[in-house]
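Q: Hi, I've just opened this one and could use a quick tour. Can you walk me through it?

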Amino acid sequence: MKSTVKAALAAAVSLCAVTAAQADTVKVAFIDPLSGAMASSGEPAYQSFVLAAEHINANGGVNGDEIEVVGYDNKVSPKESLVQLQKAIDNGARYIVQGNGSSVAAAIIDAVNKHNQRNPGEEVLFFNYAAVTPDFTNDACSFWHFRFDAHADMKMNGITDWVAKRDDIKKVYLIGQDYVFGEAVAAAAESQLSEKRPDIEIVGNELHPLAKVKDFTPYVQKIISSGADAVITGNWGQDMVLLVKAAADAGQEIPYLTFYGGSNGAVAALGEGAVDTLYQVSELAANMEDVSPEQNALVEEYKERFPDYDYYYHRAFVTMDMFKAAAEKAGSNDPIDVAYALEGLSVPGGYGEATMRAEDHQIQQPLYITTVAHDVTYPVDNTDLGWRLVDGGVISAESAMEPTTCEMERPE
Amino acid sequence: MTAALDITDLHKSFGPAKIIQGVNLSVAKGERHAIIGPNGAGKSTLFNLISGRFLPSSGEVRLNGALISGKKPFEINRMGLSRSFQVSNIFTNMTVRENVRCGVLHSMGYGYSFWRNIGNLREVSEKTAHILNEVGLLEKGNTPAALLPYADQRTLEIAITIAGGAEVILLDEPTAGMSHSETDRAVALIEKASKGKTLVIVEHDMGVVFNLADRISVLVYGEIIATGTPEQIRGDARVREAYLGEEAEDAA
Amino acid sequence: MTDMTATYAGLEPTRAEKFRQRTVPLILFALVLLVIPLFNPSRSMITLLNHMGITIVFALSYNMLLGRAGLLSFGHAVYMGLGGYFAVHVMNWVAEGTGFWGAVPIFSMPAFGFGAGALAGAIIGWPSCRRSGTPFAMISLGVAELVAAAGFMFDSLFGGEMGVSADRMAGPEFLGLSLGPVDEVYWFIAFWTFIGVLGTYAFTRTPLGKLSEATRDNAERVQFVGYNPQRVRYLVFIFAGAFAGMAGGMSAVQDEIFTPESLSLVPSGAILIATYVGGIRYFTGPIMGAIVMTYMGSNLSDYTVGWLLYLGLMFVGVVMFLPNGIAGIVYGTADTLRAGRLGEVWQSWLLRLAGLVLIAVSVITIIEVAFRWSDGYGEVFEPFGLSLATTNPLTWILGVLPLVLGVVLVLKAAKGESK
Amino acid sequence: METLVFALLNGVIYGLLLFMLSSGLTLIFSMMGVLNFAHASFYMLGAYLAFTIMEGTSFWIALFLAPVLVGLVGMVVERYGLRRVHAQGHVAELLFTFGLAYLIDELVKIFWGRTAVNYRVPELLDFPLFTLYGAQYPAYRIFILFVAAFMLVALWYLLKKTRAGLIIQAALTHPNMVGSLGHNVPLIFMTVFGVGCALAGLAGVIGGNYFVTDPAMAVQMGPIVFVVVVVGGLGSLEGAFVAAMLIGLLQTSAISINASLADIFGFLGLGPHTEVGEITIASMAPMLPFLMLVLILMIRPRGLMGDREI
């Protein structure tokens, strides 16, 4: 955090100075919540990017230049993000990193598109590491936007692939938050399941109010009465935690397949109740066998450096690795060159190869279904519980892949 | 000729407590009418009923023949009845001039206007100045009302009441708490301001009452037990018994 | 009559006074707006200035309620949000460019926001303004919750989570401004900020504006001078909504996006804090509050993660010790200086200043050390090369001693002044 | 049917928790006229303190100690904060508590971190009590029921049967009268504020592990508590009780209704695939309290059982 403060001080000092990108550092602006309640998702991601940059710098940097990750606190507000974006650009950042909240991401994509159009020669790239709205790499795709996380439909692909493999699952219950995202998740689950396992019955498709339900027992009761064998939900935050908590309280022992089960503090809040109930789909499986010792060393280093959090944002490291690889392939740190070089680029990645698809700038990588278990090498939330890969939980990049409707417009 | 104020069989109760029990009163145009009575007789309640602050339980109040009971205070005010309060009821954070100007505005036809600069309203300024001059507060026009001495606040209370040029003016104990000299000045002001208008006044100071009033009504336990000229009232036995007698004994 | 008008002329501000007290500040304000670009501010500085302009208009509209009409609202962002949303939709119609809309310049968006805000105020104000005081505050809270919830429900109007975005470069140019680069947007914001300041100020000078103050002071008495206080409140509410909507229109052009969060309790709370900290008793108070809070909101987080705590402390401090806010200090100081009383008070002022600085030293030490301790990365607060770890006794000395000393000094200063 | 039973059971528990929270606020609001924005922050403080005390000792000590500590904090706040602002009127008081809520939120984040803490149900109560329609029912919920009922009886006894209670009752209905009867009004205010906060703290202790103990818990509860107080009415604990149960039941049972507006208003021509028609009763459940708040304030400003208008 010290480096942030210093960097921020420097940023503030140069606030009135004329824009000038320094030759010896590549500035990467991290725009996400760094204070307030939402900082618990922004901060670990920020630290992941800082750590990734440190590693790259220790290995000679990018084309000989050092990477500097500067944090900008956007307070999860789209408008404030635009102020911080302008600040970042003025401070010479040509690479923007953000992930928390599709509303913020949409605002930044829009603003970056306009900025690049209005300020030729001063283009910036946006690396999105967590905003999962499929649209960003479909109809609303942009040459300036790269997504380093599987989007919602791909994650659902991972979940439904796994469900399809499980013959004992005959009935599935869908529950989600009542807004665009929850609706999209439910629709994707429904269509994918009917395609992959037409025999599975969707015994419930429920949307509940966003972030307002205090007690999910009535919903869990509905789920129990429906005789469901598995529950799929896109819920995040307290809606996810309270749902699974109510299920555990009611003694339910069926999989709750989530996108965000791995977010900070969820396992701590659920404790024992999460075991074999809470499942998540993500691009990392820290306790998986045959992971390279370097990757495990990274997980350990992260925990040592930031004891409050766990190694979760694997994609931050993938993002930075790909950035370095692209810049060196292009032999330039200029955003347009890097963007072209990123298209179709592959990097090994700690948990399987990751490729940036050229047509829509959507990363393709293996996904993993994991659940909460005892006796793991890397427990989380400072409990003795951690994420264990489930049987058949490896989803190859090809299976997770989704077609795109993107019609990319490239400059020149 | 219709009376300025005509009250017929007015009743008001709060729960089981009957405060006003069948008041009948008629005040002629141009008359100065005083209402006296012991504490708790219902004088202020009667004013509140006339001015629309309270709704009567039953009965009627007519202003120049038009029914006003049941109407809202601001409607009654617009029909030409204005009142003051026993406890100073002014706009404390505004200056004296602004206080009076608020009283003037509506009568000059500036409703809720938001398209005019108040400083450019010539007639409003002149009327305000005229009233400030009349009540003797011209010098203190730019003083915040909250900072005025007590007697001046009472005067301002009257100034706001008469500012709108209402034909019927109700004054609720205008001289309460004033010294002798202040009272004298207030009485002079009231005389001047109510010239050609109908005045109804509640007052404890008998000197003021007998000096000022054309006619007097005596309110006891929510009923008017007597109405008449000051001489008639002075001579009325029931009044003596119910009211003046007690006063006299108290004084002794 | 003549002699009296003469006396009265002494009562009313003279033409020269009016010019000095009313016109000159406005001219100065306009000059400041004109001069700022000469300093060649960076684009992020301009972006910040633009947001300040928007917040100034928003805060002034809020103070029409809180300061001038005595109505505490917890949902004022609803009107800015609805005004802004309407403006964003209009911008999209303009971009389509068919019929009437093709001829509308984006420059005029705040006027559309103004209309939409007024309409929203007229509809929502109808039930709300029947009560004042705490019930009004509670109704505004309930309405804000309901509108914010509706914002997430009706995607076709509010665009769901991602909101609605637009392009400010669409439509015909006005005054040669393409509105592309932020420095051109600056002129747009400057123009409308000036209009907003002028408009809200002019409102205070109208009969309705004066009646709103009268209603705040004494709603009952207003009834007995022929006005319906509910009606006064309602009309003021509509105007407050309109100017908030205007700020929304400005924001629509500056940020080119509106999201449902903009309707929620968070921005409503923020404008309440900004206005109150600025000083609700003065017309210029909200302007000062808007400038200070916008700056702090966007930049304090660069210096410390504890910025929210500092803001909270500042707000509580103002509520407890400075009910007239920043403007209260500014005008109080100016009055003292003008009255030539500096000689009498400089000692206690100095004492108080020293005390406040000492208190600040302690508070900052405590907060910064606490945040670092809380993060648990073993990071150390190092102001001016000092290493203030939790184990360092100096940390505790700096956290306590100046605080005690500062409180003593401030109390002493207060005692001296009350004598 | 099953859903309804569960909705009722949970509605009652949620309602009791709400009442525990809002009873304190009703006392404070009725006597002092202060609509304490920070009230839910004291609820949060109770949960966090209980978590810390429980780590060092046991849940049972936390159950008694945490509310007492919260009450003491409340008294300090009243004595050195609120009392100072009192002279400037109700708006200033409201704003003070508004800022205080902000501060408590931030302080909680400093001391306990920004994510949820692992505040557990005590082992003694961590078992399923019975099974109903195939779902286990945790014993802890019944424990909440008992604590709430005990508090209800204790509060009733305190107010109706003790001298202090009589004074408080008098102060509830006639806040201005008590001072003239020679009672030490500032002391009464401080005590009531402290007790009110302690009740909120108690709700936090038993609600924190029933729900989730995280820094957002105050913000989520805050507005609902206001609704209970306003709907219940000034000066009426009975009203607060009825309102709390009403809102508890309303919120838990409305979410189990699947009907959409089109189902209900279809006869008016509202199509099931229009944006309005698609809204379900369940998704409107969280809005109902606020709708109620606005309606009550407009139609019946004295609340359900209040003795005077707000």
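Predicted model: local features only at pLDDT ≥ 70, side-chain atom pairs only at ≥ 80, totals over all residues.

Q: What helices and strands does chain C have?
A: Chain C has 17 helices and 2 strands.

Q: And what radius of gyration does chain C have, next to a compact globule?
A: Chain C comes out at 24 Å. A compact globule with 419 residues would be near 22 Å, so the two agree.

Q: What box do the C-alpha atoms of chain C fill?
A: Roughly 75 × 70 × 45 Å, taken along the principal axes.

Q: How much of the contacts in chain C comes from residues 24 or more positions apart?
A: Counting contacts with a separation of 6 or more, such residues account for 80% of them in chain C.

Q: OK, on to the chains together. Which pair of chains has the most contacts?
A: That's chains B and C, among the 4 pairs of chains that touch.

Q: How many residues does each of those two chains bring to the contact?
A: Chain B puts in 39 residues and chain C puts in 28 residues.

Q: Which elements of chain B give two or more residues to that side?
A: Four elements of chain B do: α2 (73-78), β6 (81-83), α3 (96-105) and α4 (122-135).

Q: And what does the side of chain B that touches chain C have by class?
A: You'll find 18 polar, 14 nonpolar and 7 charged residues there.

Q: How many residues are in the contact of chain A with chain C?
A: There, 37 residues come from chain A and 34 residues from chain C. On the chain A side, α1 (2-13), α3 (78-90), α4 (102-118) and α6 (180-196) each supply at least two residues.

Q: Which of them gives the most?
A: α3(A), with 8 residues on the side of chain A that touches chain C.

Q: How do the residues on that side of chain A divide?
A: Into 21 nonpolar, 7 polar and 9 charged.

Q: How far apart are the closest C-alpha atoms of chain A and chain B?
A: They lie 34 Å apart, and no contact joins chain A and chain B. No contact joins chain B and chain D either, and their closest C-alpha atoms lie 14 Å apart.

Q: How many bridges join β3 and β4 of chain A?
A: 4 bridges join β3 (residues 95-98) to β4 (residues 125-128) of chain A, and the two strands run parallel. Take Ile96(A): its bridge partner in β4(A) is Phe126(A).

Q: Last one, back to chain B. How do the axes of α5 and α6 cross?
A: The axes of α5 (residues 150-163) and α6 (residues 180-193) of chain B cross at roughly 5° and come within 11 Å. α5(B) and α6(B) are therefore roughly parallel to each other.

Q: Which residues meet there?
A: From α5(B) there are Ala151(B), Arg154(B), Thr155(B), Ile158(B) and Ile162(B), which meet Glu182(B), Ala186(B), Leu189(B), Ile190(B) and Ala193(B) in α6(B). The residues of this contact divide into 7 nonpolar, 1 polar and 2 charged.

Notes
Residues numbered from 1 in each chain as written. Chains lettered and ligands numbered in written order. Contact = placed C-beta atoms within 7 Å. Nonpolar A, V, L, I, M, F, W, Y, C, P; charged D, E, K, R; others polar. Rg over C-alpha atoms; globule rule 2.2 N^0.38 Å. Axes fitted to C-alpha atoms, helices over the stretch in contact; angles between N-to-C directions. Parallel < 35°, antiparallel > 145°, perpendicular 65-115°, else oblique. Pairing = 2+ DSSP bridges.
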